[in-house]
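I am opening a new page for this structure.

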Amino acid sequence: MKLAVTGGKGGTGKSMVATALAVELAKNHKVLLADLDVDCPDDHLLLSIEREKEKDVMLEVPKLIPEKCIKCGRCAEVCRENAILFQKEKGPSFMLEQCTACTACMIACPVGAIGKKSICAGKIYLGSGYGVDFISGELEPGQKESSPVVNATKEVIARKEKEYDFIIVDTAAGTHCSVIAALRGCSVALPVAEPTPMGSHDLGLILELLSELKIPAEGVLNKEGIGDRKLAEDVFKKHHVGICSEIPYKREIAERYSKGIPINDESIRKLAEKVQGWKK
Ligand code: SF4
Ligand code: SF4
């Protein structure tokens, strides 16, 4: 079973829930935790896992062949990532940090003036800790397009999928392309919310996205006991999503989190029991 832990806003406690749930499930099952927040992966820190590089994520990006270019501008017209700046006198300039290697410009060029070159867009790491197998993608500094790294990490996961009872996917915050890429293929999602006005606004966005992707959602209310829980409750209700877990705001949880030790709370044990029930 592949399950996503996600959340519209950063800092709601997604990674804390994903790591603690993975550790709890791993007591009785074979579990892979996949950190697909490739811009800022930190699950290994929360579990004090020493990662080892599995492979580089290479992209075949465009390379201009200046002597062939007739400066028609067609390549810039077809680039949906705005990764090509076209000036009539100078011709095209490629901003490769924004390129997704979609090849549209190479196909569209009428005179074959765009070749290819390889760049390293990121890295994939493996590790293990607390009985959990671990994989994470990490974007190369300076690269802006995270989806290719997410997709490359998912390819490695797909080859291992049958070995595991549960794959817990920790997505980035937000509703952008790499979050969509991480969510695709998950059979259920746990959107983690906090009872604050900003948390509730962003929760609405991720619930809309999950509905669009037709992924069933079960809400997790984190930091229960602070703020106004009705704010999050109302958003979950509006989107017909129940709250399956409430994690209290406790000093002990914050201390373990800050020391890189998975949280050990009754709320996580109950959540793990529910998740095991969904698999049956
Ligand atoms: S490969 Fe795709 S994203 Fe990259 S520059 Fe060409 S059209 Fe743009
Ligand atoms: S489409 Fe080809 S010929 Fe036209 S500007 Fe781009 S690289 Fe040059």
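My entries below go from domains to core to ligands.

Entry 1, domains. I note that this is a predicted model. I looked up the domain assignment and found domain 1 (2-57 + 138-279) and domain 2 (66-112). The centres of the two, taken over C-alpha atoms, are 37 Å apart. I then checked where they touch: six residues of domain 1 are in contact with five residues of domain 2. On the domain 1 side, I count one nonpolar, three polar and two charged residues.

I looked up the largest nonpolar core, which has 78 residues. Leu21, Ala22 and Ile168 have the most contacts inside it. Helix 1 (residues 14-25) gives the most to this core, namely eight residues. Domain 1 and domain 2 each contribute at least three residues to this core. I followed up Leu21: beyond its neighbours within four places in sequence, Leu21 is in contact with Ile168, Ile268, Leu271, Ala272 and Val275.

Which residues are closest to ligand 2? I list Cys69, Cys72, Arg74, Cys75 and Cys109, out of 14 that surround ligand 2. Helix 3 (74-78) and strand 5 (91-94) supply at least two residues each to this shell. Its classes are ten nonpolar, two polar and two charged residues.

How values were computed. Residues are numbered from 1 along each chain as its sequence is written. Chains are lettered from A and ligands numbered from 1 in the order in which they are written. This is a predicted model: local features need pLDDT of at least 70, side-chain atom pairs count only at pLDDT 80 or more; totals for chains, interfaces and linings use all residues. Domain bounds come from an automatic or database domain assignment. Two residues are in contact if their C-beta atoms, placed from the backbone, lie within 7 Å. Ala, Val, Leu, Ile, Met, Phe, Trp, Tyr, Cys and Pro count as nonpolar, Asp, Glu, Lys and Arg as charged, and the others, Gly among them, as polar. A residue is near a molecule or strand if its C-beta atom, placed from the backbone, lies within 6 Å of it. Helices (H or I, at least four residues) and strands (E, at least two) are DSSP runs, numbered from the N terminus. A nonpolar core is a set of buried Ala, Val, Leu, Ile, Met, Phe, Trp, Tyr and Cys residues joined through C-beta atoms within 7 Å. A residue is buried if 20 or more other C-beta atoms lie within 10 Å of its own, exposed if 12 or fewer, and partly exposed in between; C-beta atoms are placed from the backbone.
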